[in-house]
Amino acid sequence: MTGRDGSTWQPTAYRTHTLGEIAGNGADLVDTDVTVAGYAEAVRGRGAICFLMLRDGTGHLQAFLKKDSMDEDTFTEIQSANRESIIQVTGTVAQKRPSKVKEGEPTPPPEYEIQVSGATILAMAEAPMPMGVTDKVHVKLPTRLDNRHIDLRRSHINAMFQIRSKVLQYGREHLITEGFNEMNSPKIIASASEGGTNLFPIKYFETDAYLSQSPQLYKQLAILGGLERVFEVGPAFRAEEHDTYRHLNEFISFDIEMAFANDDDVMAVQERMIQHIWKSVAENDQNLIDMINEWRAEQEPPLSPVTVEVPTLPFPRVEYSEAIEIIQNAGVNIEWGADIEAQHADMIAAKYPGFYFLPRWPMAMKPFYIYHNADEKGPNGGQLSRGFDLNYGRDEMTSGGQREHRVDVLIQNLENMGLDPADFTFYTDGFRFGAPPHAGWGLGVARLLMVLTGAGNVREVVLFPRDRSRVTP
RNA sequence: GCCCUGAUAGUGUAGUGGUCUAUCAUGAAGCGUUGUCGAUGCUUCGACGCGGAUUCGAAUUCCGCUCGGGGCGCCA
C-alpha cells in the first residue's frame with residue numbers, strides 16, 4: 001500500500017479504478033473490466049509472459065501480460081518499457097495464482113491482479129534513473145533532495161509527507177474547536193516585526209523591503225482588532241547562516257495568538273493541540289507509520305521503529321530556574337541568566353523525556369514584547385518573564401509567551417534593553433488605543449514532524465528545503 | 001562568524017605509492033529459464049571533480065581551485 005485508500009476517488013479520464021481499490025477489494029471486482037494507470041515499478045519476464053508491477057498513489061497491483069492474448073507489438077512495447085514509465089492498462093480483474101508456500105506455513109490471503117488485454121505507455125521514463133525508487137542501495141540526502149520528485153516515489157518518503165498533511169489538518173482541526181480563526185499575514189514587510197534575526201532584503205518597487213521572519217506583530221494586531229483567537233500556518237524567512245539538522249532559512253511556522261490569556265493559558269492550548277495530533281495520528285494513520293517502519297527495519301543496521309505514544313497532560317513545566325539547577329547538578333558550570341543550549345537540554349531531557357515546557361525565562365533573555373510581572377523574581381533577584389519554550393528532548397519546538405500589552409511598559413522594556421523606542425513606533429503605536437492582555441506561540445512544523453516520523457533532519461520532512469546553500473529545486 | 005570533514009560508474013561503496021587493466025552492490029544492455037514476486041542464471045556496459053607539483057610509477061602524497069557534507073552559536 002502507499003497509504004491512501006482511494007475509496008472516495010472518482011474515476012477519471014485515465015482510470016476507472018485505483019490500484020489500491022482493486023488490491024484491497026479484489027474479491028468484489030473479479031471478472032470486472034478495468035482501466036488503471038500508474039508507474040511501472042518493475043517489469044519482469046522476457047519470454048511469452050510479462051509481469052508489470054504498477055504503482056499509483058493508492059497502492060501496488062500486478063498486471064499480467066500474455067503475448068498470445070493481446071496485440072503482439074503492444075506486448076513487446078510494455079515488456080521493454082523502462083522502470084518508472086507511466087503505463088495505462090486495460091484488462092480484467094482476476095485472483096492471482098498463489099505463491100509457493102512451504103509446508104506448515106499458513107496460506108497467505110488471496111491477492112488480485114489484472115489480466116491485460118490492452119496497454120499504453122503514457123510517458124516513457126529514461127534509464128538509468130538519477131536514483132532508484134525501489135533499489136536497496138542507500139542514497140545520500142543531497143542526491144535525494146536534488147531529485148526530490150523521484151525520492152518522493154519511495155513509499156516511506158511519500159508516507160512522511162502524507163503525515164505532514166495530516167499533522168497540519170489535525171492541528172487546524174483542534175484550534176478551530178477552541179474557537180481560533182485562521183489568518184494570513186503579509187510576508188513582504190517594511191521592517192523587522194520581531195527583534196534578533198537577520199532579514200532577507202528584497203526590492204519592493206522603488207523601496208526596500210524584507211521577507212517576514214515571523215507573523216508575530218500581525219497576529220498581535222489581529223488580536224488588538226478583536227479577532228480574539230487567531231492562528232496562522234505560513235512561511236518564515238531567516239537570513240541566518242546556520243547549517244544544522246534543525247534549521248532552515250525558510251520554514252513553516254504554526255502560530256497562534258490569543259486574547260485575554262497568559263502564558264499558562266496558551267501552553268495549555270498547545271499541549272491539547274499536540275495531544276490531539278498524536279491521538280489522531282495513532283487512530284487514523286498507523287498505516288503511514290508502518291510504511292516508515294518497514295523502511296527502518298530494512299536499514300543496515302536496522303533502525304528501531306517509530307511509535308506514536310500519545311502524550312499525557314499536562315506536559316511537565318520545568319521552570320527556567322529549575323532547569324539551570326538540573327544542569328548544574330549534572331556538573332556543568334552554568335550561571336542563572338545563561339542560555340540553555342542543546343547540550344544542556346539533553347540533561348533536562350534525561351529527567352523529562354518527551355515534551356516539556358520551559359517557562360519563566362529571565363526577562364533579560366527575552367524580547368522586549370514579552371510580558372513580566374514586576375514581583376516575579378529569580379533566586380538571585382533577576383526579573384522573570386512570562387516567556388516559555390516547548391522542547392522535545394534536546395530540540396526546541398516552540399517559543400512563546402504572554403505579550404506585553406501595557407504600552408508604557410513596552411517603551412520601558414525597549415529602553416532597558418538599550419533600544420530607542422523611536423525606532424519601534426511601528427510596533428508600539430498599535431498598543432496606544434487599548435490592548436487586551438494576550439499570549440501566543442510559534443511552533444516549528446518540521447521539528448514536530450521530526451519527532452513523529454523519526455526523521456533525523458528537518459530537510460527530510462520539508463519537500464523543497466531552503467538552506468544556506470540550497471535554493472533549488 | 002567559528003570548527004570539523006569530504007569529492008571513485010546513474011546510485012551507494014572498497015581502495016592509504018606498483019598485477020588498479022579499480023572492488024562489491026544496485027543499475028543499464030543482451031540472451032536464457034520462469035505464473036514470477038526482494039524473481040533468477042549467464043554475458044556485456046559504465047567511474048577516480050579541475051589544474052599543477054613530487055616520483056621510474058599517483059585514485060592514493062603535496063599545493064591551488066571548484067563544488068559539497070556535518071557540527072556549534074542563534075533560533076522554530
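Me: Why is Phe315 called buried?
Reply: Buried means under 20% relative accessible area, exposed means over 50%, and partly exposed lies in between (1.4 Å probe, protein chains only). Phe315 has a relative accessible area of 3%, so Phe315 falls under the 20% limit and is buried. This is a predicted model, in which local features need pLDDT of at least 70, side-chain atom pairs count only at pLDDT 80 or more, and totals for chains, interfaces and linings use all residues. Residues are numbered from 1 along each chain as its sequence is written, chains are lettered from A and ligands numbered from 1 in the order in which they are written, and side-chain values use heavy atoms, with hydrogens and water left out.

Me: Why does Phe355 count as buried?
Reply: The relative accessibility of Phe355 is 6%, and that is under 20%, so Phe355 is buried.

Me: Why is the pair of Phe315 and Phe355 called stacked?
Reply: The ring centres are 5.1 Å apart, so they are within 6.5 Å, and the planes stand at 10°, which is under 30 degrees; the pair of Phe315 and Phe355 is therefore stacked.

Me: What does this pair tie together?
Reply: Helices (H or I, at least four residues) and strands (E, at least two) are DSSP runs numbered from the N terminus. Phe315 is in the loop between helix H9 (286-298) and helix H10 (320-329), and Phe355 is in strand S12 (residues 355-358), so the pair ties together parts 40 residues apart in sequence. Ring pairs also join Phe315 and Phe355 with Trp278, Phe357, Phe388 and Tyr392 in a cluster.

Me: Why is Lys366 said to lie over the face of Trp361?
Reply: A charge sits over a ring if NZ of Lys or CZ of Arg is within 6 Å of the ring centre and within 35 degrees of the ring normal. Lys366 lies over the face of Trp361, at 5.0 Å from the ring centre. Lys366 is in the loop between S12 and strand S13 (387-392), and its relative accessibility is 11%, so Lys366 counts as buried.

Me: What does Lys366 touch?
Reply: Contact means heavy atoms within 4.5 Å. Leaving out residues up to four places away in sequence, the residues that Lys366 touches include Trp361, Ser385, Phe388 and Asp389.

Me: Why is helix H7 called largely enclosed?
Reply: H7 (residues 216-224) has nine residues and seven of them are buried, so the rest of the structure largely encloses it. Among the buried ones are Gln216, Leu217 and Ile223. The buried residues of H7 pack against strand S10 (229-237), strand S11 (250-259), S14, helix H13 (425-428) and strand S15 (438-444).

Me: Why is Gln169 called partly exposed?
Reply: Gln169 has 38% relative accessibility, which lies between 20% and 50%, so it counts as partly exposed. Gln169 is in helix H6 (residues 155-177).

Me: Why is the atom pair of Gln62 and RNA strand B a polar contact?
Reply: A polar contact is a pair of N or O atoms within 3.5 Å; within protein, one must be able to donate a hydrogen and the other to accept it, and residues adjacent in sequence count only if both atoms are side-chain atoms. An N or O atom in the side chain of Gln62 is 2.5 Å from a base oxygen of RNA strand B, so the pair is within 3.5 Å and qualifies. Two further cases are a polar side-chain atom of Arg44, 2.7 Å from a phosphate oxygen of RNA strand B, and a polar backbone atom of Met397, 2.5 Å from a sugar or linking oxygen.

Technical notes
Phe/Tyr/Trp six-rings, centres within 6.5 Å; stacked < 30°, edge-to-face > 60°.
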